[in-house]
Amino acid sequence: MKVSYHGHSVVQVVTDSHTILIDPFISGNEACDLDASTVKADVILLTHGHNDHVGDTFEIAKRNDALVVAPNELAVYLGTKGLVTHPMHIGGAREFDFGKVKFTQAFHGSSYTEEDGTVIYGGMPAGILLTIEGKTIYHVGDTALFTDLKMYGEMNSIDVAFIPIGDNFTMGPEDALVAADWINAKVSVPVHYNTFPVIEQDPKAWASQVKTGEGRALNVGDIIEL
């Protein structure tokens, strides 16, 4: 299984049978190396409804006939737009043919802004625990620091965690270091930084300060093999 980072909070997971995209914000994301018009996806997983996370879901899902798995209200909204969706909610888990998905808490917001400015409520934001072939990836989503992250670390053997460090909209570097300790992943990867001036951070400096497991700042396109 190959897990790769593609700027902002975009993560791709490629197994022998499936390609999974998490929060595919590609168009308008200058850091992303993917092409929304050609990228392949069997499954799209969404943490919440903000446009910089839903991103190119509409185009990618329709072109690939991909399944979109998202928190309930967001999934229902995307379903009204013709996408094939599976709604879930925080604390719920489900086994799919590509792996097991469980949504966790995240302290943030969730709404989608349409082209005409209409704001669509997206339900509660979430993190995603994705388990495939005995390996667990934790995409923490956009969130503040909260103590249940320690519980998630104690309840799960997490191989790779993607943790936001940008500050302003999510936890910043200092809080994210605490989160990395609590999550207790083998590898902690910083995400959600440098896309906009207000979230500029130094990912390598952050990774070097991770005390629990390995902190690893990935360049766009870098791959972790599990």
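The model is predicted, so local features need pLDDT of at least 70 and side-chain atom pairs count only at pLDDT 80 or more, while totals for chains, interfaces and linings use all residues. Residues are numbered from 1 along each chain as its sequence is written, and side-chain values use heavy atoms, with hydrogens and water left out. Helices (H or I, at least four residues) and strands (E, at least two) are DSSP runs, numbered from the N terminus.

- Aspartate 159 is placed in the loop between H4 and S13, and with a relative accessible area of 7% it is buried (buried means under 20% relative accessible area, exposed over 50%, and partly exposed in between, with a 1.4 Å probe and protein chains only).
- Not counting residues up to four places away in sequence, aspartate 159 touches Gly134, Lys135, Thr136, Ala185, Lys186, Val187 and Leu226, where contact means heavy atoms within 4.5 Å.
- Histidine 192 sits in the loop between S14 and helix H6 (203-208), and it counts as buried because its relative accessibility is 1%.
- The side chain of histidine 192 makes a polar contact of 3.1 Å with that of aspartate 142, and among the residues that histidine 192 touches, leaving aside those up to four places away in sequence, are Tyr5, His8, Asp52, His53 and Phe169.

- Strand S2 (residues 11-14) and S3 run antiparallel and are joined by 4 bridges, with isoleucine 20 in S3 as the bridge partner of valine 13.
- An open sheet of 7 strands is also formed in the order S7-S8-S11-S12-S13-S14-S15, and its pairing is mixed.
- Its edge strands, strand S7 (93-96) and strand S15 (214-215), each pair on one side only.
- Over 4 bridges, S7 pairs with strand S8 (residues 99-105) in the antiparallel sense, and alanine 93 stands opposite lysine 102 in S8.

**Helices on the sheets and against each other**

- Within H2 (residues 57-64), the residues Thr57, Phe58, Ile60 and Ala61 are buried, and the partners of the buried residues of H2 include strand S3 (19-22), helix H1 (51-54) and helix H3 (72-80).
- Helix H5 (residues 173-183) lies across strand S12 (135-139), strand S13 (160-164) and strand S14 (187-191), and runs at about 155 degrees to S13.
- Helix H4 (residues 148-155) packs with H5 at an angle of about 30 degrees, their axes being 7 Å apart, and the two are therefore roughly parallel (angles under 35 degrees count as roughly parallel, over 145 as roughly antiparallel, 65 to 115 as roughly perpendicular and the rest as oblique).
- In this packing, Leu149, Lys150 and Gly153 of H4 meet Ala179, Trp182 and Ile183 of H5.

**Nonpolar cores**

- The largest nonpolar core has 48 residues, of which Leu45, Val101, Leu130, Ile163 and Ile183 touch the most other members; such a core is a set of buried Ala, Val, Leu, Ile, Met, Phe, Trp, Tyr and Cys residues joined through side-chain atoms within 4.5 Å.
- Another core, of 24 residues, lies apart from it, and Val39, Ile44, Leu74 and Tyr112 are among its members.

**Positive phi values**

- Histidine 8, although not a glycine, has a positive phi of about 55 degrees; histidine 8 lies in the loop between strand S1 (2-5) and S2 and counts as buried at 1% relative accessibility.
- Asparagine 184, in the loop between H5 and S14, has a positive phi near 60 degrees and is partly exposed, with a relative accessible area of 45%.

How values were computed. Pairing = 2+ DSSP bridges. Axes fitted to C-alpha atoms, helices over the stretch in contact; angles between N-to-C directions. Polar contact = N/O pair within 3.5 Å; in protein donor to acceptor, adjacent residues only side chain to side chain.
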